[in-house]
Amino acid sequence: MATDDASNGENGNKNNGQKQDNSAAGTVKRTVRMLAALADLGGEAGVGKIADHMTLPASTVHRLLKILTEEGVVVRDPDTHNYSIGAELYRISSRVTAQVDITAIVRPYLEDVANAFDETVIFGIYMPANKALSFTARADGAQLLRYRIELHRPLSLVWGASGKAVLAQLDSATVADVLEHERGLAGGGRAPGSAAELPTLDELERDLQAVRAAGYAISEGEKLPQARGIGTPVFDARGVVGSITLTSPKDRLPHGEISTIAAALIDAARSISRDLGSTAANFSPGVVSP
């Protein structure tokens, strides 16, 4: 098997003629970038591939990988000469992940969109075990709502832009399961805001296809009678994790502004997704996530 080690390009992969910062701070920066590169490259790569990705000399990459290997942060396969994430980094990342407050990450982005449009923006987290969504954070603009938004309780994935933005990113079997679950709820799963009957699976799939094509969902009076929502999905490294939605009274949001609001929400969702570990490859509101 062909190898990809420092010997394959010790003097190659020059950093575009730029002078390398050899200070301690420069070394720390390159080390952090290297760990991010290894993660972005699928968790395993050789020296040459990492060097190309970082536009650094292979000798520099090899030296830093040697240090990380000694600390157990990365491991080297003796057969392929590729490097992968080590047990120590898994231990550190697991402890950090367990303490991450997604709400704290999301809130600044919600506030930016809320301030831009003077309306309320909410984050809903997807709860697969409950086949539901739960609002966990909100930011309010200058214009007050005329209805109440409840946080921290299970809400429909079928009704409302916040739920449909998530549901559109799930596979067909899961969509069917969610629909069947809601059919068994009190009232037969009718829309809380309009009492509309649940759609058939074919009707729902057509709606979700439109959501995927647009990159966002729109609803009027489905969860709350007087509300309109515009929502777009948020991803982490594993797939869809929730949605952000701008909500306002129907008579206060001209249709002409929807595309502008949707673009702002998608930009915010992309930034949140990046912060949660998503990459360009799995952040794609128009395509069902892996």
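Helix H1 lies across strands S1, S2 and S3, and runs at about 90° to S3. Helices (H or I, at least four residues) and strands (E, at least two) are DSSP runs, numbered from the N terminus. An axis is a line fitted to C-alpha atoms, for helices over the stretch in contact, and angles run from 0 to 180 degrees between N-to-C directions. The model is predicted: local features need pLDDT of at least 70, side-chain atom pairs count only at pLDDT 80 or more, and totals for chains, interfaces and linings use all residues. Residues are numbered from 1 along each chain as its sequence is written, and side-chain values use heavy atoms, with hydrogens and water left out.

Look at the strands under discussion. They form an open sheet of three strands in the order S1-S3-S2, with antiparallel pairing. Two strands pair if DSSP finds at least two bridges between them. The edge strands are S1 (44-45) and S2 (74-76), and each pairs on one side only. S2 and S3 (residues 83-85) pair in the antiparallel sense over three bridges. Arg76 stands opposite Tyr83 in S3.

Now follow the helices. The axes of H1 (residues 24-40) and H2 (residues 47-54) come within 10 Å and cross at roughly 115°. That makes H1 roughly perpendicular to H2. The cut-offs are these: under 35 degrees is roughly parallel, over 145 roughly antiparallel, 65 to 115 roughly perpendicular, and the rest oblique. H1 contributes Arg30, Arg33, Met34, Ala37 and Leu38 to the contact, while H2 contributes Ile50, His53 and Met54. Contact means heavy atoms within 4.5 Å. The residues of this contact of H1 with H2 divide into five nonpolar, one polar and two charged. Here Ala, Val, Leu, Ile, Met, Phe, Trp, Tyr, Cys and Pro count as nonpolar, Asp, Glu, Lys and Arg as charged, and the others, Gly among them, as polar.

H2 also packs against H3 (residues 58-70), at an angle of about 115° and with the axes 9 Å apart. H2 is therefore roughly perpendicular to H3. Val47, Ile50 and Ala51 of H2 meet Ala58, Val61, His62 and Leu65 of H3. This contact of H2 with H3 has six nonpolar residues, one polar and no charged.

Next come two paired strands. S4 (residues 120-127) and S5 pair in the antiparallel sense over seven bridges. Gly124 has Phe135 in S5 as its bridge partner. The hairpin of S4 and S5 has four residues between the strands, and Lys131 there takes a positive phi near 50°. How much of S5 is buried? Seven of the eight residues of S5 (residues 132-139) are buried, so S5 is largely enclosed by the rest of the structure. Buried means under 20% relative accessible area, exposed over 50%, and partly exposed in between (1.4 Å probe, protein chains only).

Glu119 lies in the loop between H5 (102-117) and S4. Glu119 is buried, with a relative accessible area of 3%. Glu119 and Ala142 are 23 residues apart in sequence, yet 6.7 Å apart in space, C-alpha to C-alpha.

End at Thr245, in strand S8 (residues 240-249). Thr245 is buried too, with a relative accessible area of 4%. Leaving aside neighbours within four places in sequence, Thr245 is in contact with residues including Thr120, Val121, Ile122, Ala161 and Gly229.
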